[in-house]
Amino acid sequence: MLVILGLLTSFFSLLYVTAPSIRRFFAGGVCKTNMQLPGKVVVITGANTGIGKETARELARRGARVYIACRDVLKGESAASDIRADTKNSQVLVRKLDLSDTKSIRAFAEGFLAGSPWLCLAEEKQLHILINNAGVMLCPYSKTADGFETHLGVNHLGHFLLTHLLLERLKESAPARVVNLSSVVHHIGKIRFHDLQGEKRYCSGFAYCHSKLANVLFTRELAKRLQGTGVTTYAVHPGIVSSELVRHSFLLCLFWRLFSPFVKTTREGAQTSLHCALAEGLEPLSGKYFSDCKRTWVSPRARNNKTAERLWKVSCELLGIQWE
């Protein structure tokens with residue numbers, strides 16, 4: 001027993017002594033473009049914390065007008081205040097958006113597009129970058145306000161509807177971009193049309209993987225439908241990042257603490273989102289999947305055009321919208 005404890009102590013001592021080198025290795029790619037964004041308008045979902053907040057911070061630093069769209073407005077205001085103080089950009093705004101409720105999504109889009117006199121919102125005439133960043137992970141089985149399984153409803157359907165509602169403004173502001181945060185775990189995911197809501201069989205881990213595959217397929221099909229519009233779209237794997245996304249899993253929280261040298265910071269995790277939002281010359285790669293600021297291969301399921309088309313159709317049916 002003492003020998004085992006000694007070996008473990010030596011292992012963790014070595015791990016933390018070499019932590020700076022390990023950190024540099026696992027930090028991944030960096031967004032290298034110097035593009036500035038004065039006059040540009042950005043919407044980021046879930047930007048009150050984590051990767052989204054760091055993405056919002058950098059875009060604000062470059063001069064963009066940034067909308068933090070989040071469920072918890074108080075946390076959003078705290079994040080916006082921090083970003084405004086850090087970047088000296090006063091155009092960091094917070095708006096209520098609950099992706100688990102289609103009424104909230106529609107209310108956000110209506111306020112953004114047409115204004116709301118009783119909320120003192122002015123019409124926003126442009127939208128250049130939409131970053132679908134928010135998400136849930138490893139939730140116990142539950143349903144959204146509209147009866148969708150939570151991972152599917154928030155991670156896929158919520159962003160599907162939001163993009164649909166904002167798309168004409170993106171087209172009017174072209175060139176414009178849509179960035180969808182996915183994950184490497186899409187390789188494990190399947191689109192189980194016979195049990196899309198997980199009512200027959202449910203595992204929180206697999207449900208998350210399925211939703212991340214849906215993000216990649218949505219990006220692929222969206223790119224096809226946007227050809228010639230000046231709007232391009234990209235799916236992103238941010239890396240293994242220490243964030244609040246793991247709050248539903250005690251084991252993952254413990255893992256992040258023990259192996260923090262191997263886990264990206266939120267700033268490092270934001271780099272690929274920033275790359276896909278800003279880097280010059282990415283237009284021919286619309287619909288592709290990126291990790292560490294470069295195009296990366298996706299799973300065979302994520303390249304299935306028939307599945308992408310069917311998921312699009314089913315998503316429209318579930319949401320009660322027409323999107324050709």
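1. Arg310 lies over the face of Phe193, at 4.1 Å from the ring centre. A charge is taken to sit over a ring if NZ of Lys or CZ of Arg is within 6 Å of the ring centre and within 35 degrees of the ring normal. In Arg295, the charged end sits over the ring of Trp297, 5.5 Å from the centre of that ring.

2. On the basis of these values: the model is predicted, local features need pLDDT of at least 70, side-chain atom pairs count only at pLDDT 80 or more, and totals for chains, interfaces and linings use all residues. Residues are numbered from 1 along each chain as its sequence is written, and side-chain values use heavy atoms, with hydrogens and water left out.

3. The structure holds ten aromatic pairs (rings of Phe, Tyr and Trp, the last by its six-membered ring, with centres within 6.5 Å; planes under 30 degrees apart count as stacked, over 60 as edge-to-face and the rest as tilted). One of them is stacked, because the ring centres of Phe108 and Phe112 are 6.2 Å apart and the planes are at 20 degrees. Both residues belong to helix α5 (residues 102–114), where they are four residues apart, about one turn of the helix. Helices (H or I, at least four residues) and strands (E, at least two) are DSSP runs, numbered from the N terminus. Phe108 and Phe112 are both buried (under 20% relative accessible area, with exposed over 50% and partly exposed in between, for a 1.4 Å probe and protein chains only).

4. The pair of Phe160 and Phe218 is tilted, because the ring centres are 5.1 Å apart and the planes are at 45 degrees. Phe160 lies in helix α6 (residues 150–172) and Phe218 in helix α7 (residues 204–225), so the pair ties together parts that are 58 residues apart in sequence.

5. Helix α4 (residues 73–87) has 15 residues. Its buried residues are Gly76, Ala79, Ala80, Ile83 and Thr87. They lie on the same side of α4 because they cover an arc of only 100 degrees around the axis, the arc being that of the directions from the helix axis to the C-beta atoms. Among the elements that cover these buried residues are α3 (50–61), β2 (65–70) and β3 (92–96), where contact means heavy atoms within 4.5 Å. After α4 comes Lys88, with a positive phi near 60 degrees.

Note on methods:
The expected span of a helix is 1.5 Å times one less than its number of residues.
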